[in-house]
Amino acid sequence: MTGEAKLIVQGLSHHYPDEYTGESVHALDNIDLKIYENEFVAIVGPSGCGKTTFLNIIAGLLPYREGRAMVDGVDIKGPGPDRGVVFQEHAILPWRTVSRNIGHGLELRRTPKAETQRRVQEYVDLVGLSGFEDRYPHELSGGMKQRVAVARTLCADPVIMLMDEPFAAVDAQTRITLQDELNRVVMATEKTILFITHSVEEAAFLGDRCIVFSRRPGRIKSEIKIDIPRAERQWKDMVNNSKFTDARDEILGLVRSEVTSNDDG
Amino acid sequence: MTTADPAPVRRKTLRKRLTDSRAVQLIILTIGVFILWGIISAVIERPDRYLPSPLTTLISSADLLEKGVLISFYSDTLTRLVIGSIVGLLMGIPFGLILGLNRTIADMFYPLMNFFQSVSGIAIFPIIVIWFGNSSTTVMIVILYTSFFPIAFNVLSGVRSVPMRYISAARTMGASRFQIIRDVLLPGAMPSVAIGSRLSIGFAWRAVIAGEMLAGQAGLGNMIFAGQELDNTAQIILGMALIGFTWILLDHFLLRPLESDTIERWGLVTR
Ligand SMILES: Nc1ncnc2c1ncn2[C@@H]1O[C@H](COP(=O)(O)OP(=O)(O)OP(=O)(O)O)[C@@H](O)[C@H]1O
Ligand SMILES: [Mg+2]
């Protein structure tokens, strides 16, 4: 990867205090990670290994004390529009229409109306929601809601986009469509993305790099490069792409060994 | 992307179409009640004392209407309701919001609110009469007091129940505290504001009637009370009917549409 690192994480650890027992939960251990411009980094790991914790720290939603995390060279001190988040559960606002949800970030920054409208339309079209601009979220399917969430984040033009299992709540068929679409969108927008998932297939399909977390406390166990141009990443071709299947099997092996070592621990 | 096909339109028989309509159902129900009322009134002894027939009641209303008493009583009561519940809502909504937004203040006030919530409007009546006499002010204070708590509690819990992920999402888009309140917490609390308003106005409506009875202030409550003293049962029934019908109209044409216009459209309340 060329270019500058957009996200730099150095020696990041995290302990959750436990109010009842007084003991703390060690969630993250000494994470070092750099994400470069226009890079797609996927993180997989067993349940409860600290993936969401990691993303929340980067998002600025969770204060941290051990280690450093920087975006564009600036220490993360709280949430900000330079980091856009797509949450696992639908976090689009039920009382805003599709277009008002997508334009919310720009509205918060007091972007001129005409400019906001133009940008909103651009992203509505990009994620394939044309014709649904004035619908409310409850009138949309689960997949469409996540398209709105993705468009909302893109429209605010963050330096890095953080996605926490964004497709976990949709059915398998929709999920495949959304993954194909995300690829197309990433190609079109050249975004830098940190993507968290349970699914090894998803990580191998989407990531330029895949980071495997160990079980809790989350450490970086290994890192696999998946050197497939984005234009070639479509499900209809990928199933026969040996680079993809090799990477997937390798990641699967790494994740499996984590889960089995978890059994007796 | 495809949307679900609309349900196939089926031809309805005339009979089905008629009984389907809510208005028709209501008319049938009303006629039924009147017929039953008429029959009971016809078979009992001394109906003018125990249950005057619909016709007698109607004649008595015409009499009251002619004297101008009915209109004047009715408008007195409605005015009290409108002013009392509007002021109650205007005080209860901001109070609930402040409590919903600030846990420290909420924890401080909660026991006090819980205490007064249990002391009904009727229970505070004697002390208010001691302070303000048998006056219109006394009635207004009781209405205000009664309508304040349901709305305040509902708004408080409405703000609290806005899912954390909506707030987090707004924060990650760089929203300020003010913007979060404006764009997330206030609209998120809207269902509770609507539900609480309806509760409050319903409570206020009962409080007006009770208040007028106890404080002897001109109005529907007083009209019912006087009906008993004057041995005018028709007047009592008329008063009761007006109370019920007013509520149904208010609920149907103002409160429910208010709820559905905003909330059902957002899919926050599913019926
Ligand atoms: N607020 C909290 N307080 C205390 N412990 C917490 C808190 N949030 C998470 N944890 C603990 O920290 C660990 C990591 O949680 P986290 O949610 O980051 O895992 P995850 O990898 O995202 O899991 P999943 O894949 O199931 O979403 C878990 O053991 C969890 O129980
Ligand atoms: Mg998680």
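**View 1. A backbone atom of A:Gly50 and ligand 1.** A backbone N or O atom of A:Gly50 sits 3.0 Å from an oxygen atom of ligand 1, which makes a polar contact (a pair of N or O atoms within 3.5 Å; within protein, one must be able to donate a hydrogen and the other to accept it, and residues adjacent in sequence count only if both atoms are side-chain atoms). At A:Cys49, a polar backbone atom is 3.2 Å from an oxygen atom of ligand 1. On its own, ligand 1 has 630 Å² of accessible area, and the protein covers 63% of that (Shrake-Rupley method, 1.4 Å probe; for residues, only the protein chains shown count as cover). What you're looking at is a predicted model: local features need pLDDT of at least 70 and side-chain atom pairs count only at pLDDT 80 or more, while totals for chains, interfaces and linings use all residues. Residues are numbered from 1 along each chain as its sequence is written, chains are lettered from A and ligands numbered from 1 in the order in which they are written, and side-chain values use heavy atoms, with hydrogens and water left out.

**View 2. The shell around ligand 1.** Here are the residues around the ligand, among them A:Tyr16, A:Ala27, A:Lys51, A:Glu165, A:His198 and A:Arg216; each has a heavy atom within 4 Å of it. Sorted by class, the shell holds three nonpolar, six polar and three charged residues (Ala, Val, Leu, Ile, Met, Phe, Trp, Tyr, Cys and Pro count as nonpolar, Asp, Glu, Lys and Arg as charged, and the others, Gly among them, as polar). Helix α1 (residues 51–59) of chain A gives the most, with three residues; helices (H or I, at least four residues) and strands (E, at least two) are DSSP runs, numbered from the N terminus.

**View 3. Where chain B meets chain A.** In this view, 23 residues of chain B are in contact with 30 residues of chain A (heavy atoms within 4.5 Å). About 2300 Å² is buried between the two chains, with carbon and sulfur atoms giving 66%; that is the accessible area (1.4 Å probe) that two parts lose on being put together, summed over both. The interface has two salt bridges (a side-chain nitrogen of Lys or Arg within 4 Å of a carboxyl oxygen of Asp or Glu). One of them pairs B:Arg165 with A:Glu89 at 3.8 Å, N to O. On the side of chain B that touches chain A, α9 (164–172), α10 (177–215) and α12 (233–266) each give two or more residues, and α9(B) has the largest share, seven residues.

**View 4. A salt bridge within chain A.** The side chains of A:Glu39 and A:Arg209 meet at 2.6 Å, N to O. This pair links distant parts of the chain, 170 residues apart: A:Glu39 is in the loop between β2 (24–36) and β3 (40–44), and A:Arg209 is in strand β9 (residues 209–213).

**View 5. Backbone details in two loops of chain A.** The peptide bond from A:Arg216 to A:Pro217 is cis, with omega near -5°. A:Pro217 belongs to the loop between β9 and β10 (220–225). In the loop between α5 (142–155) and β7 (160–164) you'll find A:Asp157, a residue other than glycine with a positive phi, near 50°.
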